Each structure stands twice: as C-alpha cells, then as structure tokens.
Amino acid sequence: MIKQRFLLSKFVRRRTFSSCPLPFEPKTPSFSSSITQITQKDLCFSLADQLISRGLVSSAQKVIQRLISQCSSAPAATSAAEFAIARGMDLGFGGYVCLIRKLVISGDALTAESLYMDCIVGQGLEPDRNLLNSMIICYSKLGKLDEAKSCFDRVIKLGFTPWVGACNAIIKGFSEQDRFLEAYECFRQIGDAHDTVLHFSCYNRLVNGLSRRGFLDEGVYVFDVMKKNGVLPTVHMCKSLIIGFCKWGRVEQAEILCTEIESNGFVVDKYMYTYLINSYCKGRKIEMAMRLFMRMLEMGYEADNYTYNTLIHGFFNLGLFSKGWALCNKMVRSCLKPDLVTYQIMLNKYCKDRKVDRALELLDYMLRCNVPPNVHCYTVVLAALCTERKFKELYSLYHKMLDNGVVPDHVFFFIFAKNHPIGDPLLFAQTILQAIAKESCSFDVFVTRSKSTRGAILEIERLLEEIVRGNFVSADKAFSIYMIALCMAGKLDSALHCLEKMKNLCMLPLPTAFNSLIKLLAQEGNVDAAESLLEVLQEQGLVPKQSTFSIIVNEHCIKGDVASAIDVLDKIEEMGIGANISVYNSIIGCLGRQKMMREAEKFYYRMREHGIDPDETLFVTMINAYSNNGWVNEAREFFKKMTEHNLRPNSRAYTALITGLVKKNMTEKSCLYLHRMIKDGFMPNAVLYTSLVKQFLRKREFEFAFRLVDLMKKSQLEQDLVTYITIVSGVSRNIRRFDRKRYLSSTNSDKGKNLLFHLLHEKAISPNRKSFQVMVTCEEEMKLAVLQVIEQIKKVPYMPDLHLYNGIIFGICFAQSMHAAYEHLNLMRKEGVEPNRVTYTILIDGHIQIGELHLAVGLFNEMNANGFPPDRMLFNTLIRGFCKVGKVFDALTLSHMMQKRGFLPSKGSYEKILGSLCANNSSFYAFKIYEEMISHDYTPCRYHRQWLNSILLQDNRSDEACAMWVMFPNRSSQNREDKQEFLFALVAVIWQNIVIICNPI
C-alpha cells in the first residue's frame, strides 16, 4: 500500500496550505447541499469498497472512472485516483485519460506529462484522439513543440480534426518561438475543416508573424480563411499585412489589399497612404506614387512634410530635379515650410550626381530661408568638393561652417578624412576635437597647435580629459573621433587602448568608430579577432549594424575567402538583422572574380527573395562579372534589366559592358553601346580608355592600344596611376609571346576598331597634337617598345607605388637588362617602397629567362630568409625554369614540396614536367604525372598524350598505356580519335612483337 501511494505521489502535487487566519464568523454553507456532496463522494467510495470485497474489481474501476470524469476540479479527481491506487486498483485507460485531461485543464502540465509517460507510453497503451488532444495542449504549455506536433500529426492520421483548444495551443507555442512556418503548416492541416474556428489571437499571430518575415502568400491564406470562417480582422492586422507587402517589394499587391479592405468597411488612413507612397518611391515607380498622392488628397487627407519629402526624394532620386522643385513649391503653397530633411534630400542627390555648384547654391538658399544647415548638410557637400578636388572652395566652406557654430561630429571627420588627402589624420583629429571642446565645455579650453604625431596624441588625450570633465555627453563622440583617427593611421594597439578607456568610463564607441576598428583588424588579417571583439561588445550592450557585418564580409571577399563571407551572411540572417545590399554586392563580386557565375546568380536571386531591390552598384557588379567571365549576352540582359528597374545606366555600367564586348571580339556591337553612352551624356573618361587599352594589350594589338593612349592624351584626360600600371604591366606581360603573323587583325576586327576609334576621336579636344606611336615588327623592336614606354612613364611625376614599380621591373627584365632591374629595385627602396613577393617572383623569372637558374634559386632562398614564403605563382615559375634548363627531376621534387605546402601546380607546370619527362624517355614518372593531372581534373594536351602513349608502347608497358586511355575522360569526338590512334599504335606494337617472336635472330 505504501508503495502504491508513493507511485501516485509522482503525479499528484501536494496541496499548499494558506497562512491566512480563518474569519471569525465563517459563512455556513447550506445544510442540504453539504450533505448531498458528502454523501455522493462517500457513497461512490463505499460502493467501490463493497464491489472490491465481492471481487468485482472491474465494476469498482468503472465507478471510480465515472467519479473522476464527473469531478469539477483536478484535486477532486486526484483524490479519487488516490483512493483507487490505495486499494491496489488500476485506473484503466479511461481513468488515466480523464485524469490527464483534468490536470491539463488545471494547468498542472508537468504532472500530466509524467502520468502520460509512465501509465500510457510506459505500459504500451495506444492513445486515442481525446488523449492526444490533451497531450497537444500539455506539450505546447511546456514548450515541447516537437512532441506536440507529433501528437498533432497522429490525430490527423487517425482521420480526425484536433480540438480547437489543441490547435490554438500549438499555434500559439510555435508563434512564441518564432517558428511561424511550422505554425502555418499546422494551420494548413486544419484549414479545410469548416467547423474549426480558431481563437482570434491565433489568426492575429500568424498573419503578423508571416508578414513580418516575408511569407506573404501564407499570410494572405490565413487572412482569407479567417474571413471565410466569419472572424472579422482588425485594423492592426490589415496594416501588418499591407506593411509586409510593402517591405518585401510587392507594393501593387499591397494597394490591391487596401482596396479590398476598404470594400469591407475599413478606412485606409493617411499613415497607410504615406507608407504606400514611400514604397512606390523606393521602387522608383514615381507615377504610381503620384497617383496615390492625388487620391489621398481627394479622400480629404492633408499631406504633411513627411509625405512631401517622400515624393521629393522619389523625383530627385530619378534625376527629375525640376519636378522635385515643383512639388517643393506646391508644398509652400500648402502652407508647409520645407524643413531640413527636404534640403538634405536635395543636397545628397546634387552631390551624388557631382552637381556640387548647385549644392553650394542650395546651402546659401537655406540660410536665406532661415533653415540653418546642420553638420550632415556640410558633410555631404564637403565630401563632394573633395571628390571634385576643389580644395579652395572646400576650405572656405569648412571655415564658414565653424563660423556658423556648426560643430563637426565623428561622421564628418570620417568622411572628410577618407576623401581628402589631409596627411596625418591625428593632426586633423586634433583640430576637430579643439572645436568640439570649445563648443561643449562651459569653461575656456587652452588650445595648442602640435606639428608632430606624438604631440598631436598628447594634445588629444588632454582635450579628451577636458571634454569628459566639462561635458560628458559629448565624450563618446570625441573618443570615437580619436579612435577613427588611430585606425586610419594604422595604430591598432592605441585604438584598442582607446576602446579600453571608453569601457572604463562606461561608454561604447559609436558605430563609425567601431566599424573603423573592425576594418583595421580585418585588414591586418585578424578577422577572427574582429568577430570575437564584436561578440564581446554585443555582451556589453553594443547593437551591431548591417554596416559592421558588411565590413567583415567585404574583407573576407577581398582575401578571396568567399566561404567565410557566406557563413557571416547566414549568421546575420539567423540573428534576424538581415543583410544589406552591400553584403550581397561583395559576395557576388567575389564569386565573379573566382569565375563562379552560377553561384553569383544564386545569390542575386536569394537577395531578391529577401525583398532587397538591386541598386546601380549591384547591377554594375553583375554586368562586370558577366563581362569579365565572357558571358556578354547575360551582361547585356542585365544592362536591359537595369533600365527596367528605372535605373539609368551610369558610365561604370557602360564601361563594364563595352569592355566585355571588346574582350569577346564583338567590337562593332560595343560601338553601339559607346554611341548610346555618349548620347546619354557620359563622355569617355580615363576609366573607359584604361579598360580598352588593357583589353587590346591582352590581345597583343599594341599599335592600336597606343593609338588609344595617344587619343586619351588628346582628349586632355588625366592619366592616373592605374593607367600607368595598366600600360606598363600590359606591355611587359603580353609582348613576350607576341607573334606578328599570329596576331594580324581580321577585316571585321579592323572595321570594329576603326569605328570605335572614330567615336572616341570625335570627342578628342586637340586632334592635331603629335602622336605617340609604338611599332612592333620584330623581337628587338619589342624590347625597344617596352623601354620606350617605361621612359615615357618615368617622365611623369607620380606617387611611389608598388604595383607600378613591379610593372616597370617586369618590363626591364623582359628587355634582358637585369642590372637595370636591380638599379630600379634600389631606387624603389630609397623612395620607401619595399619589394613584395610579386617583386621577387618577377626577378626570379627574369633570371630564368636568360638562363641564370643558379641566381634564381639564390634569390628564392633570400626571399624565404626575408620572411616571404613562396606562393603558388613562384613555385610554378621555378618549375618552368627547371624544366627549361633540363632539370626535370628537380622540377618534380619542387612540385611535391609545393603540394605539401598546400599549393596545387598549375596545368602549365604539369605540362612542362610531362613534356620534359617524355623527352627524357622517363615513362614511369611521366605516367605518374599523367595520373596526377587526371586526378586534379587537368586534361593533358593531345601532343603530350600521344607522346606518352608512344614511349609507353616502346617500353613494352602496354598495361599502363591501356590504363592511360581508360582513365582519360571521353568528352569529345577528338578524344575518341585519340583513342582510335592509340588502338592502331597498340596493334602495330603487338604485331611487331609477334613478328620478333616468330622470327628470332
């Protein structure tokens, strides 16, 4: 008996006793009702005892089951169950079902779950639909939604519809855990049951949650079923659905939904009209936005500043400045004064389109209208002046800003320092912090002017102490400016020390400063440290923004680690932050550079599925990626899509497409886009000329390339550092394998080039200027051409640049003047530019070309000693060098060393080794190299395949010869012809051996 009571105590909680005193005059219950209750319970217990004494246990069990089912509370049902267990009687399946249901209704879900597991599942009993419905509610209350879903599916499998209470419980549980798709799946399973009407809160949760996460079709389905079941939606629910459609770029459907809601008696208010107008403007559908605006006015709603600013932003964003100003005048006629946001919209667009003069006029107009510009207005205009290199106007406007009492902030400092060649950013930070200290501190601040970086740091730290003491509110801004300056100066340790100071003062860095620190860590190769720092600051309360993750993704992509970039993207989407368009732009650009265009397309469509509309930058990235990979038809399609999205193709889009068409020898078609580009008002710039020069140098059409260089000068376009690097590298790298007969242009090619040159020549400013031409007819003229180009570039003053120096050294090495190359290397070091791994590789290759392999190996060892471990390109260069001088086994050893360090030899290196081994009749090693190439998905050239086949058969190694052709992929008819040749050769060798055996000497 004691054991049986203990078993029941696992399921039944002990009753708690109250410490409240009893009332002095308790209310006496009715005598008749009290007697009836006591008699009913006692009679049931007495009857059960009598039946047990007579051996009628099953009848006593039914009495207890009926008593449990009729109990009005869980304690009463528990008491009856305790009575039965005390007498050694099992409650039976029906009794357990009733007791579990009473416990679930009373809220004792834990006891109900334990009873179910021990007495139903533990005894191998099969639950019916009533018990399963109770357990759905029980598990949902406990948060065990997978178990609840299992019970839910079992009820459906039995052919029944779960109780309304069970449906409400499981949908509520999934919704509270943000598992809305699983909640929607449950809803769909009961959606066809017309007699199942859920509680309104379930419909509300589903519609709101699904709409917020972009599952709009699912949300509309729930909304329609709710109306079909006679449950009226609320205004809040309708707004959630409409906002969801707008957020995910389906504005037309949102407007249709508004019309349906209005037909049901709901009123679309001014807020919803404004939200729809804003969504249309974001989608660059200004006509639809204006139609809604007029309808809003017809409905009697008065437009406010936000509505007008939204429309003005839409017009300016499309470049329709006159219509934007017309709307601004309409705003004034409506007794609404344009505010600071109105003018900021105009300033941003003017500066973005490089109409900086209009922006300066607008600043003066704002002052005349008593709308003083704030620091954000000055920031965007000053950044535009930096881009236009109008430094006189820049300094004048900066001092005017300070005179007007506008204090620079951290964003101003970051943008100004980023766009302006200010020299030492710490010295500029000092002047900004002095202005902040003067404005924010109530007492006079002593100001000194430092001339060195060390002095600036000491002065800044003193100013920070003054600002903390005088106006703590401005301290986070001041510290953030200091941190940005340290990051720009590359002082990582000092920036981390500044962050530690902020932590001690209970301050967090502002987003711009924190992003600068994250970027510096990532640029120095400490991406893991950057992510760890982000996690630490998140724990301290810093909320990361999309721009922070965008920096991390971009740094991964710069290093070519696209897998890590995708991991970060998945992580931020799991966090619910959502990726911005720059994240997708970085990943798509990286995939394009790695020639993974199918994957790039998948991420483009993934971005669209998340409701992110492509902008001009992303379209240019896609067009550029397609063009660089030779997919010009797809590039043209995306160019067309750009116009379909109401985005005007800019000069970068035209340049990417024109260059891609020239690369694929479609020069005549590129002229169509060049003509259209000029017609759209975009003049050929230095970027277009540089890209075209690069392509024609790659085609080894040097004469035409230099005609373009000369035409660029005639057009008075400034040749920047990129242009010089392109010319030097292009000539040096592509002239080595030049063969004038091989690269003679076809008639169609000449026609396209002439048309291209004619279109560009029309825009040349000084066509009568003396031309700079390079004629290449023989090897000696090639070398002279290289030196001539280098001498021309040496005359141009430029900032010391490692890429340009490497290009010049490459050209000098090609001219077989290694002594001059080392002289240029010394000059490069004197100017403060240290050689890198590429420099050493160029010099090693130069020694190899003139047969000085011992000097190349010595330089290789020196490079290792100087802390430059060899990369894949250097290994491949040395392998080709060893093969060139006949040291094929040294090349083979180097290839094994290379693979141990994680680098795979290139196909060209394998071909060199294979050809050299075949030349040495080393059939064993040659066959091993052949196997390696096939395993790495390299296809050996036909000449080497036939050569290897020949020496294998000559060495009577027909098994390896057969294996060679078995493992070779059958990809084309040419490969089948090779196999036929092999079979003929094999038959000939076999026949020759038969003849020798039959006719011995």
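# A tour of the helices, loops and cysteines

The crossing of α36 and α37 is left-handed. Start there. The model is predicted, and this pair is the first stop.

**Stop 1: α36 and α37.** Select residues 651-663 for α36 and 667-679 for α37. Their axes lie 8 Å apart, and the packing angle is about 165°. An angle over 145° counts as roughly antiparallel, and α36 and α37 are therefore roughly antiparallel to each other. Now show side chains. On the α36 side, pick Ser-651, Tyr-654, Leu-657, Ile-658, Leu-661 and Val-662. They meet Thr-667, Lys-669, Ser-670, Tyr-673, Leu-674, Arg-676 and Met-677 of α37.

**Stop 2: the whole chain.** Zoom out. Colour by secondary structure: the chain has 53 helices and 0 strands. The chain holds 1001 residues, and 47% of them are buried. Next, consider contacts with a separation of 6 or more. Residues 24 or more positions apart account for 64% of these.

**Stop 3: α46 and α47.** Select 853-865 for α46 and 872-884 for α47. The two axes come within 11 Å and cross at roughly 160°. That angle makes α46 roughly antiparallel to α47. The crossing of α46 and α47 is left-handed. Which residues make the contact between α46 and α47? From α46, they are Leu-853, Val-857, Phe-860 and Met-863. From α47, they are Leu-874, Leu-878, Gly-881 and Phe-882.

**Stop 4: Glu-555.** Go to helix α30, residues 546-558, and pick out Glu-555. Is Glu-555 buried or exposed? Glu-555 counts as buried, because its relative accessibility is 4% and the cut-off for buried is under 20%. Leave aside its neighbours within four places in sequence. Glu-555 is then in contact with Lys-519, Ala-522 and Gln-523.

**Stop 5: two loops with positive phi.** Most residues other than glycine have a negative phi. Two residues here go the other way.

- Select Cys-335, in the loop between α18 (321-333) and α19 (340-352). Cys-335 is not a glycine, yet its phi is positive, at about 65°. At 73% relative accessibility, Cys-335 counts as exposed.
- Select Lys-595, in the loop between α32 (581-593) and α33 (597-609). Phi of Lys-595 is also positive, near 60°. Lys-595 counts as exposed, with a relative accessibility of 63%.

**Stop 6: the cysteines.** Show cysteine sulfur atoms. A disulfide is a covalent bond between the sulfur atoms of two cysteines. How many disulfides does the structure hold? The count is 0. Two cysteines illustrate this.

- Pick Cys-151 and Cys-138. The closest cysteine sulfur to that of Cys-151 is in Cys-138, 8.9 Å away, so the two are too far apart for a bond. The cut-off for a disulfide is within 2.5 Å. Cys-151 counts as buried, at 5% relative accessibility.
- Pick Cys-369 and Cys-328. For Cys-369, the closest cysteine sulfur is in Cys-328, at 8.7 Å, which again is too far for a bond. Cys-369 is partly exposed, with a relative accessible area of 23%.

Definitions and conventions. Residues are numbered from 1 along each chain as its sequence is written. This is a predicted model: local features need pLDDT of at least 70, side-chain atom pairs count only at pLDDT 80 or more; totals for chains, interfaces and linings use all residues. Side-chain values use heavy atoms; hydrogens and water are left out. Helices (H or I, at least four residues) and strands (E, at least two) are DSSP runs, numbered from the N terminus. Buried means under 20% relative accessible area, exposed over 50%, partly exposed in between (1.4 Å probe, protein chains only). Contact means heavy atoms within 4.5 Å. Axes are lines fitted to C-alpha atoms, for helices over the stretch in contact, and angles run from 0 to 180 degrees between N-to-C directions. Angles under 35 degrees count as roughly parallel, over 145 as roughly antiparallel, 65 to 115 as roughly perpendicular and the rest as oblique. A crossing is left-handed if the near helix is turned anticlockwise from the far one by less than a right angle, and right-handed if clockwise.
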